[in-house]
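Thanks for coming, everyone. Let me put the model up on the screen, and then we'll walk through it piece by piece.

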Amino acid sequence: MSAIAPLPTPSIAYDAERVRRDFPILERLVNGRPLVYLDSAASGQRPLPVLRAVEHYETHCHANVHRGVHALSQAATEAFEGARERVRRFINAGSSREIVFVRGTTEAINLVAQSFGRARLGRGDEILITALEHHANIVPWQMLCEQTGSTLKVAPIDRRGELELDRLLELLSPRTRLVAVAHVSNALGTVLPVKRIADAAHAVGAVVLIDGAQAIPHSRVDVRELGCDFYAFSGHKLYGPTGIGVLYAREELLAAMPPWQGGGDMIRTVSFEKTTYNDLPWKFEAGTPNISGAVGLAAAMDYIESLGVEAIAAHEQRLLKLASAEVTRIGGVEIIGTAAHKASVLSFTMQGCHPHDLGTILDAEGVAIRTGHHCAMPVMTFFDIPATARASFGCYNTEEDVEALIAALGKAREVFG
Amino acid sequence: MDLKELYRDVILDHNRQPRNFGPLVPSDAHAEGHNPLCGDRLTVWLRMSGDRIEDIRFEGKGCAISTASASLMTEAVKGKDKATVMALYGTIHALLTRQDAVPDASLGKLAALSGVREFPARVKCASLCWHTLGAALERSADPVTTE
Ligand SMILES: Cc1ncc(COP(=O)(O)O)c(C=O)c1O
């Protein structure tokens, strides 16, 4: 299974109540009500094993990495490089040299644009994205186009929020140097056929970047099976810490890419005449990294595997189906994004009630959802709406959470008549 | 948090049926306001008679608070001179942000906005129209933001 699996059969074994007990934040009250957290697509909460791993590292193991013979520096280096190996296994990369730690998806994509893109692209070259991308997978390419004179092409979506694959395939040509697509849309939930896209892109000699920010928490990602050249994701959407993320890059590409930022750690020797660069992946990790973040991310990956990514995904699919059926029973509610293949995300509007008002009313009920353009303004423009309300599901959500959402939406309907 | 304080009947009414809604032709000045956080956008048009707002209209897409606030504002400032409007702007700003502000009688229906201060995330929705009016009064047509 490479992309998101087709709906697996419900696993009776998945015990969301037990999972919830691993997330201390879910015990808190919001506005006097039990928290109903339906905003995991923006950021997941952290389970105890992640909190404890970070605390253990900070309490017992911290020093700077790669820079000392003393015991703590070695312990920190081991923890940091151990986390890298953990990430490699999680996405089945061939080598830990292909795992670059960054701040998050945004930084990963900028790194590819500025290092790979700037060195390789020029006038007449094309970058192909889709109409459902997050701003993080649009703006770095626009900046690159300005710098290099290359052109940005956009494959359209249809009214269901489905990528028009035929149109994307038509846009591929020998001028296409880079194809950058989301694995899962954060605004619509659409799962894209990324393997199909990668194969077609490779056939015209283009390199493929997948923005995996929304896919990695809901599917087993195997970068070799996907055949992508770059895969980017953030730790905080995967129940790990903020400020840590991963760029997977095929070694051969990474080796040929110029460094992005200069500084400590990324060099082998420095003199005023000539500086030589460090080996992979450190060539791309200038400066002291987010060590505890990497440790926390590794713990998050252990945690997710202990629950089983497929089991989590199957559970979330059940909640998504239930919620999708229930919201449409409320008057004036329209689901935005009705692709055949979706993950975790339920975007919608309610006639006569602006998403911002919905967000406030739901918050008063303790229900946390995201409202706004979800950093995907072109998607809002396409559907001719200013914003949507978005509920998104994670490993700890339950049918009671869906019921609370529906009840709170009923309140909103009452207020706005 | 009391939602009834925020969504008072006056607010809901002005959201459903905004007053002075739609372009003003001819006009002497207009300005556009945008709240990038929630995507609220509105335009305010003015027709001046010397220092006095002779007529004012607005149009926009936004949440109930932003629409109602703009609608209430147009009713409140029509016929007033610049100095009076700017003083009112100050009073409204205090009402929206200061817990101890007591709505005085001069506010009239605008006092319905006092519930907003319990919802800090929504203050910008209510103040966007006033920023925009301020910009229109300076006859600047550049978009202003609440950021
Ligand atoms: C699809 C997608 N891409 C990129 C990003 C950016 O991630 P980050 O803010 O962690 O860099 C997000 C997060 O909102 C996302 O959902």
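Start with helix 11 of chain A, residues 309–327. Helix 11 lies across strand 13 and strand 14 of chain A, and runs at about 10° to strand 14 of chain A. Contact here means heavy atoms within 4.5 Å. Angles run from 0 to 180 degrees between N-to-C directions, with axes fitted to C-alpha atoms, for helices over the stretch in contact. Helices (H or I, at least four residues) and strands (E, at least two) are DSSP runs, numbered from the N terminus.

A word on ground rules. This is a predicted model, so local features need pLDDT of at least 70 and side-chain atom pairs pLDDT 80 or more, while totals for chains, interfaces and linings use all residues. Residues count from 1 along each chain as written, chains are lettered from A and ligands numbered from 1 in written order, and side-chain values use heavy atoms, without hydrogens or water.

Now the sheet under discussion. Four strands of chain A form an open, antiparallel sheet in the order 13-14-17-16. Strands pair if DSSP finds at least two bridges between them. Strand 13 and strand 16 of chain A are at the edges with a single partner strand each, so one side of each has no neighbour in the sheet. The twist averages 30° from one strand to the next. Strand 13 and strand 14 of chain A are joined by four bridges. Within strand 14 of chain A, A:Phe348 is the bridge partner of A:Ile335.

Which strand gives the most to the lining of the largest pocket? Strand 13 of chain A, with three residues. A pocket is an open set of points on a 1 Å grid over the protein atoms alone, where a 1.4 Å probe fits, with protein on both sides within 12 Å along at least five of seven lines; lining residues have an atom within 4 Å of a point. The largest pocket has a volume of about 570 Å³, the space filled by probe spheres set on points joined across faces, edges and corners. It has 30 lining residues, and among the closest to its centre are A:Met350 and A:His354. Chain B contributes too: helix 2, strand 3 and helix 3 of chain B each give two or more residues.

Last, the other sheet. Seven strands of chain A form an open sheet, order 4-10-9-8-7-5-6, with mixed pairing. Its twist averages 20° from one strand to the next.
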